[in-house]
Amino acid sequence: MGALEIVLLPCLADNYSVILHDPASGQTAVIDAPCGATIKAALAERGWRLTHLFITHHHADHTDGIAQLKAFYGASVTGPQAEADRIPWLTRLVKAGDKLEFAGHPIEVLDTPGHTLGHITYYFPEDKLAFTGDTLFSLGCGRVFEGDPEMMWESVSKIGALPGDTQIYCGHEYTLSNGRFALTIEPENDALKKRMADVEALRAAGQPTLPTTIDAELATNPFLRPHSRAIQARLGMLGAPDAEVFARLRQLKNKA
Ligand code: ZN
Ligand code: FE
C-alpha cells in the first residue's frame, strides 16, 4: 500500500472536494462533488480517471456534481444509507461501522449526525485521514440543521477522539471566520492566536487552510473545548456539562 496523492480542490464559492489518487493501480476517488465540471477538469489535467465517489451528506453543495461524474466515468458512488432517498445516484449504501477500502486503503464509516441526520465521516486509519464534510470544520463545526446540539456534540467529539495526528479535510473553507468567532470566545488561547496568524497569512495569499489535524483542533477549536474553564467562565457556565456548553457556543456562532 503506497501513499495516496491528495488534491484539495476548491469548488463553488467556498466548498472543497478532495481527490485521492493511488499511483500504483490508477484508481482515483473523490470525496464530495460540489461541481462536476471543476472536478472533471482537475482530473483531466492530471490524466486521472475517476473510479470512486464518496459522499458525506445530501446537501446540494456536496452532491450537485454526482450525476455528471457518474455518467462520464461510470464511477461507483458511496454514500449514507440513511440519506439514500435524498441522494438518488448512490450505488453503494453504507452505515456506521461499515468497513470499506479504496485501492487497498481501509476506510471506516463513522456516524456523525447533526448537520444532517444521516451525515457520515470517512476515516482512513492507516493513512491517518478523515473526511468530515460539514460536521467538524477547521476551527468550527457545521450548523445543526436536522439534528439537535447534543447529537452534534456527540458527532464532533467522536471525531475529536481520533488519533491526534489524523489529518482533517472538511467541506468548506470557513477557517478565517470560524477563527474570528473562536477568538471572541477564548481570546487568551495562545495556540489559537498563533494559528490565526497563520490562517490570515494563508488566506491573504489565496491559499487553503486545510488540512488541519485533530491535535490542532483540540488546542484551538472552541467546539472541541467545552471543558475549557476559560470558555465556561466566559459563558458564565462554570461546571456545566460539555453538551450544554457546546450548544451555547453553537447558538452564539449562529448569531455571530
Ligand atoms: Zn451541508
Ligand atoms: Fe456544505
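**Strands and metals**

Author: Leucine 53 has valine 77 in β5 as its bridge partner. Keep in mind that this is a predicted model.

Reader: In what sense do β4 and β5 pair, and over how many bridges?

Author: Parallel, over three bridges. β4 covers residues 52–54, and β5 covers residues 76–80.

Reader: What pairs with β5 in the parallel sense besides that?

Author: Strand β6, residues 92–94, again over three bridges. There, proline 80 has valine 94 as its bridge partner.

Reader: How many of the five residues in β5 are buried?

Author: Four, so the strand counts as mostly covered.

Reader: Switching to metals. Which residues are the protein donors of the iron ion (ligand 2)?

Author: Asp61 (OD), His62 (NE2), Asp134 (OD) and His172 (NE2). They lie 2.1 to 2.3 Å from the iron ion. Their spacing in sequence is D-H-x71-D-x37-H.

Reader: Why is the arrangement of the four donor atoms irregular?

Author: Because the angles they subtend run from 83 to 171°. Tetrahedral would need all angles between 85 and 135 degrees.

Reader: And which residue bridges the iron ion and the zinc ion?

Author: Aspartate 134. The iron ion (ligand 2) and the zinc ion (ligand 1) are 3.1 Å apart.

Reader: Where do aspartate 61 and histidine 172 lie?

Author: Aspartate 61 is in helix α2, residues 60–63. Histidine 172 is in the loop between β13 (167–170) and α5 (175–185). So the pair ties together parts 111 residues apart in sequence.

Reader: Histidine 172: buried or exposed?

Author: Buried, with a relative accessible area of 4%. Aspartate 61 is partly exposed, at 22%.

Technical notes. Residues numbered from 1 in each chain as written. Chains lettered and ligands numbered in written order. Predicted model: local features only at pLDDT ≥ 70, side-chain atom pairs only at ≥ 80, totals over all residues. Heavy atoms only, no water. Donors = N, O, S within 2.8 Å, 3.2 Å for Na, K, Ca; no water. Tetrahedral: all angles 85-135°; square planar, octahedral: opposite > 155°, others 65-115°. Helix = DSSP H or I, 4+ residues; strand = E, 2+ residues; numbered from the N terminus. Buried < 20%, exposed > 50% of the residue type's maximum accessible area, 1.4 Å probe, protein only. Pairing = 2+ DSSP bridges.
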